[in-house]
Number of protein chains: 2
Amino acid sequence: MSNDPSAPLATAAVTPKAAYHHGDLRAQLIAAVRELVETHGPDGFSVAEAARRAGVSSAAPYKHFKDRHEILRGVVSEAMDRLRAAMEEGAAHHPYGSLEAVAAVGLAYVAFAKTEPGVFRLVFGLTEGHENAPDLLAKGEGCFGVVVQAVAACLGLPPGDPDVQRRAYMLWSFVHGHSFLTIDMKHKVASAEINDWDYLMGIGRAILAASRDGAALPR
Amino acid sequence: MSNDPSAPLATAAVTPKAAYHHGDLRAQLIAAVRELVETHGPDGFSVAEAARRAGVSSAAPYKHFKDRHEILRGVVSEAMDRLRAAMEEGAAHHPYGSLEAVAAVGLAYVAFAKTEPGVFRLVFGLTEGHENAPDLLAKGEGCFGVVVQAVAACLGLPPGDPDVQRRAYMLWSFVHGHSFLTIDMKHKVASAEINDWDYLMGIGRAILAASRDGAALPR
DNA sequence: CGCAAAAAGTGAACGTCATTCACTTTACCG
DNA sequence: CGGTAAAGTGAATGACGTTCACTTTTTGCG
């Protein structure tokens with residue numbers, strides 16, 4: 001739902017429950033909050049300011065969201081859709097099963113973190129009201145699935161293979177950590193001059209190449 | 001400063017600027033905020049509640065901190081001291097230059113994240129008022145230095161060697177990502193049954209063992 | 001077509017919070 | 001011993017989150 005980030009301004013009955021008075025507020029609120037999170041950090045957002053930007057009263061958002069947390073969850077949900085799409089598109093630009101495809105998935109991940117650091121942090125920092133949100137869990141699983149699929153194709157193994165799962169998790173840890181350290185600038189030693197593509201190709205090679213001998217592989 | 005987390009309750013003139021009326025409020029506020037961050041998440045903390053727990057009025061904290069952000073920074077600073085100490089202690093339990101020492105540093109890192117997930121997230125999620133905080137940057141550098149030193153000793157190279165820096169950064173990315181994914185439970189596939197020690201030893205071996213041939217090493 | 005019910009939005013209200021200010025109280029130092 | 005500066009108080013201010021009683025609009029249906 002709400003797959004189009006830029007909602008039409010005219011009187012469009014997109015969904016039966018979306019355009020009574022305003023014109024799809026829900027989506028506009030999410031967009032406003034996304035902007036606020038990006039510019040003022042994950043904490044520097046307020047329902048009031050989002051409502052102000054959408055041109056409605058500060059009570060209007062509560063017709064579409066139960067909490068402030070639910071608005072955040074909406075932003076996260078939308079962001080995870082975009083992240084997954086970016087990862088899939090990255091893989092699609094390279095031959096199926098190639099190491100490049102794996103690296104491209106990671107590159108899309110890092111690029112997302114660099115482009116939208118505030119939202120990225122929000123996605124992986126949400127703790128308040130998200131624990132029991134099955135949709136977000138499922139989307140996280142979906143993102144991980146993209147990695148798993150690329151790794152499985154590269155190794156020529158089924159996605160359910162535990163070795164595939166383990167290597168995919170390792171790659172994800174690596175890319176996730178690199179993304180966070182990059183946007184945190186808690187490194188400034190090596191990361192600044194790191195070429196992400198070379199870095200990711202190297203990591204992928206190190207983790208996937210060991211499949212044949214298994215010597216340097218953990219466990 | 002304020003190296004003792006449990007401040008004495010009696011009238012103790014620990015520092016000339018610490019025990020006029022209350023009894024080292026500053027430290028008690030930081031402790032209270034640390035608790036709040038841990039139980040209610042990084043956002044669910046308020047100056048008022050911290051002051052309440054310390055038994056002072058809600059205006060008292062502003063005699064010790066400029067902002068709420070400055071309190072957070074205090075918590076982060078103290079946490080980074082503890083993190084670094086834990087990493088050093090981990091390394092000290094193993095022979096100097098051993099692979100085990102490197103893994104122990106990582107294990108301490110992961111353990112910290114597991115023990116204090118809220119504070120851990122705060123440390124690496126602080127974006128509001130921390131950009132120009134040279135002390136925090138320096139402490140982050142200090143933590144990274146522990147990794148660098150262990151890696152340098154293991155490889156028999158000087159800490160300034162670019163190869164050491166690069167490998168240390170890779171290890172850090174890995175451990176950082178694994179820590180985050182663990183506490184986020186954004187994995188639930190493999191991480192739950194992962195034995196951290198074996199995992200970290202394997203990672204260390206994979207990244208440091210390639211020093212001799214360099215075949216599977218990135219770039 | 002016409003109307004009732006539900007959806008969507010408003011404005012005021014309440015309690016909480018962050019922050020400031022004028023003020024008291026207390027410890028220290030010359 | 002008296003002054004000064006640190007440490008703490010309490011009230012005030014403005015913003016925010018959330019609720020509530022209310023209006024307005026849309027829609028579904030007889």
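**Entry 1: a leucine to begin with.** I picked A:Leu200 and found it in helix α8 (residues 196-209) of chain A. A note to myself before going on: this is a predicted model. Is A:Leu200 buried or exposed? I looked up its surroundings, and A:Leu200 counts as buried because it has 26 C-beta neighbours inside 10 Å, where 20 or more are needed. Leaving aside residues up to four places away in sequence, I listed what A:Leu200 touches: A:Ala103, A:Gly106, A:Leu107 and A:Val175. I also checked A:Leu200 against A:Val33, which is 167 residues away along the chain. The C-alpha atoms of A:Leu200 and A:Val33 are 32 Å apart.

**Entry 2: chain A as a whole.** Next I stepped back to look at the chain. How many helices and strands are there in chain A? I found 8 helices and 0 strands. Chain A has 219 residues, and 44% of them are buried. I then took the contacts in chain A with a separation of 6 or more, and 64% of these join residues 24 or more positions apart.

**Entry 3: α1 and α5 of chain A.** Now for some helix pairs. Helix α1 (residues 25-40) of chain A packs on helix α5 (residues 117-125) of chain A at about 105°, and their axes are 7 Å apart. That angle falls in the range 65 to 115, so I call α1(A) roughly perpendicular to α5(A). From α1(A), the contact uses A:Arg34, A:Val37 and A:Glu38, while α5(A) brings A:Gly118, A:Val119 and A:Leu122. I sorted the residues of this contact into 3 nonpolar, 1 polar and 2 charged.

**Entry 4: α6 and α7 of chain A.** I moved on to helix α6 (residues 134-155) of chain A and helix α7 (residues 162-184) of chain A, whose axes come within 9 Å and cross at roughly 120°. At that angle, α6(A) and α7(A) are therefore oblique to each other. The crossing of α6(A) past α7(A) is right-handed. Which residues make the contact? On α6(A) I noted A:Phe144, A:Val147, A:Val148, A:Val151, A:Ala152 and A:Leu155. On α7(A) they are A:Val164, A:Gln165, A:Arg167, A:Ala168, A:Leu171 and A:Trp172. By class, the contact of α6(A) with α7(A) has 10 nonpolar, 1 polar and 1 charged residues.

**Entry 5: over to chain B.** Here I looked up helix α4 (residues 99-115) of chain B and helix α7 (residues 162-184) of chain B. Their axes come within 9 Å and cross at roughly 25°, so α4(B) and α7(B) are roughly parallel to each other. I noted a right-handed crossing for α4(B) and α7(B). Among the residues that meet are B:Gly106, B:Tyr109 and B:Val110 in α4(B), and B:Leu171, B:Val175 and B:His178 in α7(B). The contact of α4(B) with α7(B) divides into 6 nonpolar, 4 polar and 1 charged residues.

**Entry 6: the nonpolar core.** Last, I looked up the largest nonpolar core, which has 126 residues. The residues with the most contacts inside this core are A:Val105, A:Val151, B:Val105 and B:Val151. I followed up on B:Val105, again skipping residues up to four places away in sequence: B:Val105 touches B:Met87, B:Gly90, B:Ala91, B:Val146, B:Val147 and B:Ala150.

Notes: Residues numbered from 1 in each chain as written. Chains lettered and ligands numbered in written order. Predicted model: local features only at pLDDT ≥ 70, side-chain atom pairs only at ≥ 80, totals over all residues. Axes fitted to C-alpha atoms, helices over the stretch in contact; angles between N-to-C directions. Helix = DSSP H or I, 4+ residues; strand = E, 2+ residues; numbered from the N terminus. Parallel < 35°, antiparallel > 145°, perpendicular 65-115°, else oblique. Left-handed = near helix turned anticlockwise from the far one by under 90°. Contact = placed C-beta atoms within 7 Å. Nonpolar A, V, L, I, M, F, W, Y, C, P; charged D, E, K, R; others polar. Buried ≥ 20, exposed ≤ 12 C-beta atoms within 10 Å, placed from the backbone. Core = buried A, V, L, I, M, F, W, Y, C linked by C-beta atoms within 7 Å.
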